[in-house]
Amino acid sequence: MQGAGKSLIAGRGPPTAENIVGSRRAHYRTVPNRWDQLRLEVVTSGGTLAAELLDISGSGLRLTLVEEYDRPAELGDTLTVRVHSDDLRQPLEIAALVVHSEHVDRRWEFGLQFLDWMGVVASVPKSMATMFNLRADPRLVMDPSIPVEVLIRGFESEFELRGVLCDVSRSGLSFSTQLLSKCVLNHIDHCIVEFTPPGQRRLYVFGSCIRYATLTGDSLRYGVWFDPTLTADFGLQQATLGAYVEERLETAVKTLFRAS
């Protein structure tokens with residue numbers, strides 16, 4: 001049993017499971033406080049279409065066209081979004097992949113995933129960074145049909161539970177587990193999580209702080225934040241995991257782009 005503040009030693013690992021990556025769009029998203037902070041245009045071969053921002057994150061955005069247009073793009077198409085703001089010296093043009101489309105009240109809504117996330121980070125001024133949630137890490141969402149096991153162990157108390165990985169980033173993860181787990185997890189602040197991501201053999205072991213718990217039907221979903229003060233080799237593990245997440249996300253975008 002580990003004491004508070006002590007480094008962790010990797011224990012036994014859960015089985016690996018190949019998976020299908022999700023989307024960076026699973027970031028926490030924010031709605032701008034004022035609708036006129038950002039003015040958007042969608043650039044198409046037929047001209048520019050005025051759009052309104054619905055929500056935005058560091059990895060993508062959701063918008064609606066302000067007029068009734070014929071569908072300007074299909075799933076998998078690439079669009080250029082031109083962003084105007086008083087904080088920008090010149091309009092910011094962002095290439096994005098169409099990952100969702102919906103016809104609502106005779107207007108088209110699109111969910112877009114940035115093709116060059118790092119380029120957006122470099123182009124957005126500090127005054128707009130909070131709006132884009134650029135401090136959020138890209139998050140890899142697991143395919144629920146191919147479960148990846150997470151082992152949850154006690155840090156300040158001795159227990160062992162098993163869950164299913166929902167998503168992971170370099171900073172934390174979420175997992176689902178049975179309802180009875182609340183008898184233990186709802187009364188602690190820290191735990192140890194062990195998992196092996198799809199396509200890797202490496203076992204990651206992080207001391208973690210429990211950030212939230214959500215009831216989802218007949219199971220519970222917990223979100224944890226990796227704690228560097230409670231994790232052995234934290235820097236190396238985080239860097240390796242972050243590179244893995246970025247690689248899988250880039251592969252997913254390229255695959256979808258080729259399929260289109």
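Two strands count as paired if DSSP finds at least two bridges between them. Helices (H or I, at least four residues) and strands (E, at least two) are DSSP runs, numbered from the N terminus. This is a predicted model: local features need pLDDT of at least 70, side-chain atom pairs count only at pLDDT 80 or more, and totals for chains, interfaces and linings use all residues. Residues are numbered from 1 along each chain as its sequence is written, and side-chain values use heavy atoms, with hydrogens and water left out.

The chain holds 13 strands and four helices. Six strands close into a barrel, in the order 1-2-3-6-5-4, with antiparallel pairing. Neighbouring strands of this sheet are turned by 45° against each other on average, direction ignored; the axes are lines fitted to C-alpha atoms.

Strand 1 (residues 39-44) pairs with strand 4 (residues 78-84) in the antiparallel sense, over five bridges. Here Val43 has Thr80 of strand 4 as its bridge partner.

Now the chain as a whole. Of its 260 residues, 45% are buried, that is, under 20% relative accessible area with a 1.4 Å probe, protein chains only. Among contacts (heavy atoms within 4.5 Å) with a separation of 6 or more, 63% join residues 24 or more positions apart.

Finish at a loop. Ser169 sits between strand 9 (160-168) and strand 10 (172-178). Is Ser169 buried or exposed? Ser169 counts as buried because its relative accessibility is 0%. The Ser169 side chain reaches the backbone nitrogen of Ser171 at 3.1 Å.

Conventions
Axes are lines fitted to C-alpha atoms, for helices over the stretch in contact, and angles run from 0 to 180 degrees between N-to-C directions. Buried means under 20% relative accessible area, exposed over 50%, partly exposed in between (1.4 Å probe, protein chains only). A polar contact is a pair of N or O atoms within 3.5 Å; within protein, one must be able to donate a hydrogen and the other to accept it, and residues adjacent in sequence count only if both atoms are side-chain atoms.
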